[in-house]
Amino acid sequence: MDSSRLVVFAPVDNTARVHAVVRRLSDAIALGLLADGEQLPSEADLAGHLGVSTVTLREALMALRQQGLIETRRGRGGGSFVRTPARPFDLDGRLRPLAAEELRDLGDHYAAIAGAAARLAAMRSLPGDVERLRRSLAELSAAGGGARTCRLDGRLHLEVAAASQSVRLTREEIRLQADIGPLIWTVHDHPRWRGRARREHAALVEAVGRGEDALARDLAESHVACAVEHLIERRLSL
């Protein structure tokens, strides 16, 4: 199991366990960490990974089924399978309730976390982590835009966080992506900024691969800050 999946399937705390499991898995599906059609581990294995009872897990899976995020098939070859939401992402609808100051504050927090994760990734990543980043970068570069590009964008940043070997930083990256990630990656997919975002992704992955920790941190912080400025511009235009 790779490092990003180790974070997804790591034990959750004792409070609101059903909600925590639903949030963990729904975030992973929304961010593309769990792919459309992918089969989840068996209930016993998944409950063991997450550190919850099978009763708690079944309640969480029922909630995910009601949200249309998984489907459960019975019989031979059955199990629970991921379903990617088909509804298009409404960027303006998500932006309207957010004030510019709130977006800037979220962006400052996210830039700090992304920068710290990138710096540690450059210092601690293993050869397999860098290979995974390069594969994801190639996949992202070949994507034609739209929701798939946004999911791949988010996945690349999660993999940078996972390469930091810090579980807390990776969990915070997942939490922040749930709050603001889809907004940022949607803006990056706009034709006006797509080329710049791709150059920044390539520079970030190479900085991590070469172990240039200060450069990796600066690139990650700048990448997020630039996207947030675009978001604020768009919010103010609504």
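Below is a short chat about a predicted model of a protein.

Q: Hi! What does the secondary structure of the protein come to?
A: This is a predicted model, and its secondary structure comes to 12 helices and 2 strands. Read along the sequence, the pattern is α-α-α-α-β-β-α-α-α-α-α-α-α-α.

Q: And how much of the protein is buried?
A: Buried residues make up 47% of the 238 residues. The accessible surface comes to about 11,500 Å², and 51% of that belongs to carbon and sulfur atoms.

Q: What share of the contacts with a separation of 6 or more comes from residues 24 or more positions apart?
A: That share is 72%.

Q: On to the inside. How many residues does the largest nonpolar core have?
A: The largest nonpolar core has 44 residues, and those with the most contacts inside it are Tyr110, Leu183, Ile184 and Leu231. The elements giving two or more residues to this core include α6 (100-124), α7 (127-142), α8 (147-163) and α12 (213-237). Helix α6 gives the most to this core, with 12 residues.

Q: Which residues does Ile184 touch, leaving out those up to four places away in sequence?
A: Ile184 touches Tyr110, Val224, Ala227, Val228 and Leu231, with residues up to four places away not counted.

Q: Let's look at α7. How far apart are its end C-alpha atoms?
A: They are 23 Å apart; at 1.5 Å a residue the 16 residues of α7 should span 22 Å, so the two values agree.

Q: Which residues of α7 are buried?
A: In α7, the buried residues are Asp129, Val130, Arg132, Leu133, Ser136, Leu137 and Leu140. They cover an arc of only 155° around the axis, so they sit on the same side of α7.

Q: Why would residues three or four places apart point the same way?
A: Because an α-helix has 3.6 residues a turn.

Q: Which exposed residues does the other face of α7 carry, the one turned away from its buried side?
A: That face carries Pro127, Arg135 and Ala142.

Q: Why does Ser136 count as buried?
A: Because its relative accessibility is 3%, and the cut-off for buried is under 20%. Not counting residues up to four places away in sequence, Ser136 touches Arg155, Leu156 and Glu159.

Q: How many salt bridges does a search of the whole structure find?
A: The search finds 11. One of them is between Arg58 and Glu43, whose closest N and O atoms are 2.7 Å apart. Arg58 is in helix α4 (residues 54-66) and Glu43 in helix α3 (residues 43-50).

Q: And what about Glu229 and Arg104, how far apart are their closest N and O atoms?
A: Those atoms are 3.8 Å apart in the salt bridge. Glu229 lies in helix α12 and Arg104 in helix α6, so this pair ties together parts 125 residues apart in sequence. Glu229 is partly exposed, with a relative accessible area of 38%, and Arg104 is partly exposed at 36%.

Notes:
Residues numbered from 1 in each chain as written. Predicted model: local features only at pLDDT ≥ 70, side-chain atom pairs only at ≥ 80, totals over all residues. Heavy atoms only, no water. Core = buried A, V, L, I, M, F, W, Y, C linked by side-chain atoms within 4.5 Å. Buried < 20%, exposed > 50% of the residue type's maximum accessible area, 1.4 Å probe, protein only. Helix = DSSP H or I, 4+ residues; strand = E, 2+ residues; numbered from the N terminus. Contact = heavy atoms within 4.5 Å. Areas by Shrake-Rupley, 256 points an atom, 1.4 Å probe, with all protein chains shown as cover. Expected span 1.5 Å × (residues − 1). Arc of directions from axis to C-beta. Salt bridge = Lys/Arg side-chain N within 4 Å of Asp/Glu carboxyl O.
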